[in-house]
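Hi,

Here is the structure I said I would pass on.

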Amino acid sequence: MAQIIWDGNKNWENVWDGNQPWDREIAKKSIPEKAQVDEFIFDLWFMPLSFIIGFFVAMPLHEFLHAICYPKGEKVYIGVSVKQLRAYAASSAALSRGRYIMMSLAPMIPGILSLAVFLACPITMKWLMTICVVTSFMGLISPSPDYMDVIILLRKVPKGAMIQATENGLVWYL
């Protein structure tokens with residue numbers, strides 16, 4: 001195991017000021033001539049496009065993925081509130097516990113796919129890496145309230161129960 005040295009509370013500007021013990025230790029190291037310098041892996045010019053994709057494509061897609069999990073014949077209303085940067089999927093249909101969990105977790109799919117593309121992407125395609133990392137974060141963070149619902153359902157709702165969304169939150173019954 002490495003020797004870990006607690007260095008205390010420092011002013012952040014001093015951490016990389018060139019006068020720290022690790023700076024002196026690094027200066028003594030022999031770095032091979034063929035060593036390469038790391039470069040920033042993102043193209044910041046594509047950040048705005050990433051957020052536009054995240055909000056105006058991924059938000060409705062998120063709600064659509066909720067909606068397709070409802071049984072055939074049920075009505076599911078989906079839409080957006082651009083002013084509040086929010087979206088919704090609403091239905092009067094009751095779902096089984098398992099189906100409700102599946103419906104809650106379905107919007108993770110685009111985030112997982114974006115993350116997979118990011119991980120497989122060649123470093124030379126910085127524009128794509130930028131778009132994928134931002135949309136993957138948005139795609140995996142945006143279902144946070146849905147994750148909370150799943151945790152509550154797993155802890156408090158018995159198998160075989162039906163879950164119904166109401167204006168006062170979720171209710172369940174056997």
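Let's start with a helix pair: α5 and α6 are roughly antiparallel to each other, a label used for angles over 145 degrees. Their axes (lines fitted to C-alpha atoms over the stretch in contact, with angles from 0 to 180 degrees between N-to-C directions) come within 7 Å and cross at roughly 150°. Helix α5 covers residues 108-120 and α6 covers residues 126-141; helices here are DSSP runs of H or I, at least four residues, numbered from the N terminus.

Before you read on, this is a predicted model, where local features need pLDDT of at least 70 and side-chain atom pairs count only at pLDDT 80 or more, while totals for chains, interfaces and linings use all residues. Residues are numbered from 1 along each chain as its sequence is written, and side-chain values use heavy atoms, leaving out hydrogens and water.

Which residues of α5 meet α6? Among them are M108, I112, L115 and F118, and the α6 side includes L128, M129, C132 and L140 (contact means heavy atoms within 4.5 Å).

Now the cysteines. The disulfide count is zero, taking a disulfide as a pair of cysteine sulfur atoms within 2.5 Å. For C132, the closest cysteine sulfur is in C121, 6.3 Å away, so it is too far for a bond. Are these two buried or exposed? C121 is buried at 11% relative accessible area, and C132 is buried too, at 7% (buried means under 20%, with a 1.4 Å probe and protein chains only).

Cheers

Conventions: Helices (H or I, at least four residues) and strands (E, at least two) are DSSP runs, numbered from the N terminus. Angles under 35 degrees count as roughly parallel, over 145 as roughly antiparallel, 65 to 115 as roughly perpendicular and the rest as oblique. Buried means under 20% relative accessible area, exposed over 50%, partly exposed in between (1.4 Å probe, protein chains only).
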